[in-house]
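My notes follow the picture.

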Amino acid sequence: MIVDSKWVERNLGFDPTKVDLPASTFALPLAAKSSKTEDLQREIIDFDSESPQGKEFLAFTTATGLSRYTDVVWPRGLAPKVGSPAGPSGRALPRADVLLVTWTVDEGHALSRVLTPGKDSRNDYLPYTHNYAAISRRMRAGCPAIQAKRLGAFWTTKIGQTSVVVFKSDSHMSQDGPKLPNIDVWRQIILEVAPKLVITTGTAGGIGREFEVGDVIVSPIVRFDCLSKFSKQAFAKAHYVSAAPKTTHFSTARELFKANAAQLPKDNTRQPKIFRVPAIALERSVVTTDFFGFDTSDNHYKLQGLGDVSEMGDAVLGLVCSELASKAPRWLAVRNVSDPQIKAEGTLKQQAQLAAQIYKGFGRWSSVCSALACWALIAAE
């Protein structure tokens with residue numbers, strides 16, 4: 001799939017290259033007029049479809065909110081059973097078999113709706129502030145974690161006999177600053193939970209024309225493509241490989257996609273798929289950039305041939321696990337395609353606006369698909 005302004009108009013009800021969205025539809029009002037792609041990147045992280053700004057966006061467009069979510073019918077014995085974590089503020093995370101981490105506000109809403117029903121990541125999850133004072137000293141002013149005064153928020157759930165800590169991170173590789181304290185956060189939460197499997201999950205931009213909104217890439221390979229602030233770091237072009245995923249329940253997850261597939265773009269030509277990346281296919285990896293890049297039909301950011309999707313953080317997990325060596329758990333990157341390849345028309349800024357608005361329209365719904373893929377991986381443990 002390759003999308004253009006007409007595609008956005010058909011699927012979201014407006015053409016962002018011709019219509020200026022009201023500032024009231026932006027989590028970061030500056031992003032409405034800014035020429036900096038970094039502002040659109042922050043808009044994607046902070047955009048909350050359930051906030052007043054999100055409701056303004058939904059009213060302006062034909063996009064739908066998670067109030068339209070249809071509960072899936074889980075296989076017997078494998079419905080998520082929400083936990084009830086308790087304890088003093090500022091404590092370490094509880095131990096669990098799986099640590100599941102997501103990143104943006106809307107990714108958090110979708111993941112919690114699927115795996116911790118009745119407990120929302122924004123309103124109900126417990127704040128995680130363990131060692132916040134020490135770690136935050138390495139963060140830049142104004143980053144999400146500093147603004148929230150925490151490293152993230154969490155809850156627990158169980159699928160079958162497998163216990164899970166679900167973690168919504170407020171620490172981001174792209175936001176925390178040049179000292180990259182996201183490494184410290186990853187190391188700390190992995191050692192505290194002591195999981196046998198870590199999953200990082202969320203939205204991403206599809207690379208190439210094969211992918212449609214809602215497709216899910218499950219990858220044991222992550223790679224850095226750092227051309228900006230981290231270009232001189234030793235890891236700038238590094239890649240990391242973990243064990244292949246257990247796919248026992250993937251076919252069931254694909255069936256469960258159908259319950260909410262109607263909320264995905266009407267131009268989708270099929271049901272979303274799960275793409276399993278072989279552990280030897282470096283060219284199919286999840287690509288972590290240190291710039292707000294997205295695939296275009298003219299390959300502007302040179303992403304084609306590097307992987308299936310691009311995002312801005314997963315390779316940090318691979319880096320940390322490589323440093324933990326024998327103490328490292330298995331890990332996977334599970335990314336959904338929230339915005340496909342963008343046609344190279346108009347200015348690069350207009351193309352970036354297309355990618356951002358597609359995310360705001362469909363990121364939570366594509367994240368429902370990756371949440372179900374995560375369920376399948378956890379159920380197979």
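**Entry 1: cores**

I looked up the largest nonpolar core and found 73 residues, with Leu-100 and Ile-199 having the most contacts inside it. A nonpolar core here is a set of buried Ala, Val, Leu, Ile, Met, Phe, Trp, Tyr and Cys residues joined through side-chain atoms within 4.5 Å. Buried means under 20% relative accessible area, exposed over 50%, and partly exposed in between (1.4 Å probe, protein chains only). Helix 10 (residues 348–379) gives the largest share of this core, 19 residues. Helices (H or I, at least four residues) and strands (E, at least two) are DSSP runs, numbered from the N terminus.

I noted that this is a predicted model, in which local features need pLDDT of at least 70 and side-chain atom pairs count only at pLDDT 80 or more, while totals for chains, interfaces and linings use all residues. Residues are numbered from 1 along each chain as its sequence is written, and side-chain values use heavy atoms, with hydrogens and water left out.

Not counting residues up to four places away in sequence, Leu-100 touches several residues, including Val-165, Phe-167, Ile-199 and Cys-374. Contact means heavy atoms within 4.5 Å.

**Entry 2: helix 8 and helix 10**

I checked how helix 8 (residues 250–257) meets helix 10: their axes come within 9 Å and cross at roughly 150°. Axes are lines fitted to C-alpha atoms, for helices over the stretch in contact, and angles run from 0 to 180 degrees between N-to-C directions. The angle makes helix 8 roughly antiparallel to helix 10. Angles under 35 degrees count as roughly parallel, over 145 as roughly antiparallel, 65 to 115 as roughly perpendicular and the rest as oblique. On the helix 8 side, Phe-250 and Leu-256 are among the contact residues, and on the helix 10 side, Leu-372 and Trp-375.

**Entry 3: helix 7 and helix 9**

The axes of helix 7 (residues 182–193) and helix 9 (residues 314–324) come within 10 Å and cross at roughly 60°. The two helices are therefore oblique to each other. Their contact includes Trp-186 of helix 7 and Val-320 of helix 9.

**Entry 4: Lys-246**

Where is Lys-246 placed? I found Lys-246 in the loop between strand 10 (239–241) and helix 8. Lys-246 is partly exposed, with a relative accessible area of 37%. Leaving aside its neighbours within four places in sequence, Lys-246 is in contact with Arg-330, Leu-377, Ala-380 and Glu-381.
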